[in-house]
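Please take me through this structure in the viewer, one selection at a time. I would like to know what to select next and what is there.

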Amino acid sequence: MNLFRRPLHILAAAALVVGVSATAQQTPPRPVPNPPPTPTAVQVPVPPPPDVDSKAWVLMDYATGQVLASKNPDVRVEPASITKVMTDYVISAQIASGKIHLTDQVNISEHAWRAGGAGTDGSTSFLKLNSQVPLKDLLYGMIIQSGNDSAIALAEHTAGSEETFASLMNAYAKQLGMVNSHFVNASGYPVDDHFTTAHDIAILTRALIHDYPDDYAISAIKEFEWNGIKQGNRNTLLWRDPTVDGVKTGHTAAAGFCLDASAKHGDQRMIAIVMGSSSEKGRADAAMALLNYGFRFFETHKLYEAGKPQATPRLWKGEDNALPLGVQQDVLVTVKTGDYDKLKATMDIPSTLIAPYKKGQQVGTLHITEDGQAIMDVPLVALNDAPQGGFFKRLWDTILLWFHGSGKK
């Protein structure tokens, strides 16, 4: 991943007119100049994304959350066992909050045993009726073996019933911005009104990797044994490419073959969601093609560094005469290889800033565009506390503001 630490330079300052926003035009950051190209050197064109075996798919850059390419990303689809990624996120969140623990002993109810156990035609961890199983083993069973019985048992232990757990799933989905998803059960068993989208699953996967990396790491484990039965991870990409480290497979007759995959090359991570392929091989080939496309034809740049001043507009009636503004997190953007020069940034900052301001308080907005298309808006915040000045400082600045055409007190 290319990280360019030079900030975007301000070319125009904000006008000092009260109540009017000022936009400061800027140029994009530039990398260290490369040697002049040889006479035979040419820029490598970026081809369109591969035409893969899938009804709906999304390729997302992990660092930025940008959707780099897609097909039917917001069309509702049946998730099958991809549902268990949502179940996993809820369980991880509940563990992190101290509501449940990896050492908990979980009872295997008749519902978990009948609806998800060995007597069904779905994937199972072969849990025994009325047995007590450590929560950690159920988590491994659900993620690695795709055990429906493990998923149901985890749901019942967490929320009292699978129905109540589904309400938790929907609440977390809403918090994450999964606007086109609705879950009815924890396993992905096909029922009415249980749906998601490729885009929503990409959002969920990015959140799982970021929020609960230790839990996410379970999805890279290739096999798990429980009750004397060893089962392999159904994600065949774990054997095909060592950079792939997750995430989950799914399949029903209605949903087709689905795969939520992620891989990491150096500092760059890609997420590929494939829904509705025609075969197990087809979903693996599709996800691998999308991941490779992302790594080969996209690059990520750091445009701004967190905590560094990007603008220092005039501050009135404060102890200081300037207010340093910046971003709270590094601003990264992912573009097609060769499209870096198409980036442009502008800053919208109120034309008159009057103390006080608190550190972290949003003051303006940074707009990033690529070839005229908006791709990102980032809050510009005060980097320091900016308290009011003393009585005479405030009085003097009030007089100066009048001279600048402002009657604001």
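Start by selecting K317, which counts as buried because its relative accessibility is 7%; buried means under 20% relative accessible area, exposed over 50%, and partly exposed in between, with a 1.4 Å probe and protein chains only. K317 lies in the loop between β13 (315-316) and β14 (325-326). Its phi is near 60°, a positive value in a residue other than glycine. The model is predicted, so local features need pLDDT of at least 70 and side-chain atom pairs count only at pLDDT 80 or more, while totals for chains, interfaces and linings use all residues. Residues are numbered from 1 along each chain as its sequence is written, and side-chain values use heavy atoms, with hydrogens and water left out.

Next, select D371, in the loop between β18 and β19 (373-382). Its phi is near 55°, again a positive value in a residue other than glycine. Is D371 buried or exposed? At 57% relative accessibility, D371 counts as exposed. Most residues other than glycine have a negative phi, and most peptide bonds are trans.

Two cis peptide bonds come next. One joins G246 and V247, with omega about 25°; V247 lies in strand β9 (residues 244-252). Another runs from A355 to P356, with omega near 15°, and P356 is in the loop between β17 (353-354) and β18 (362-370). Helices (H or I, at least four residues) and strands (E, at least two) are DSSP runs, numbered from the N terminus.

Now display the sheet that contains β9. Five strands form this open sheet in the order β4-β3-β11-β10-β9, with antiparallel pairing; two strands pair if DSSP finds at least two bridges between them. The edge strands, β4 (67-71) and β9, each pair on one side only. From one strand to the next the twist averages 5°; axes are lines fitted to C-alpha atoms, for helices over the stretch in contact, and angles run from 0 to 180 degrees between N-to-C directions. Inside the sheet, β3 (residues 56-61) and β11 (residues 268-277) run antiparallel and are joined by six bridges. Select W57 to find V274 of β11 opposite.

Helix α9 packs on this sheet, touching β3, β4, β9, β10 (256-265) and β11, and its direction makes about 150° with that of β11; contact means heavy atoms within 4.5 Å. Select residues 280-297 to show α9: 18 residues reach 26 Å from first C-alpha to last, close to the 26 Å expected at 1.5 Å a residue. The expected span is 1.5 Å times one less than the number of residues. Buried residues in α9 include M288, L291, F295 and F297.

Move on to β7 (residues 223-226) and β8 (residues 229-232), which pair in the antiparallel sense over four bridges. They form a hairpin with two residues between them, and N227 in the turn has a positive phi of about 60°. E225 has K230 in β8 as its bridge partner.

Finish with helix α1 (residues 83-96). Its axis comes within 10 Å of that of α6 (residues 198-211), and the two cross at roughly 35°. Here V85, M86, D88, Y89 and S92 in α1 meet L204, T205, A207, L208 and D211 in α6. Helix α4 (residues 148-159) also packs with α1, at an angle of about 35° and with the axes 11 Å apart. At this contact, K84, I91 and Q94 in α1 meet N148, A151, L154 and T158 in α4.
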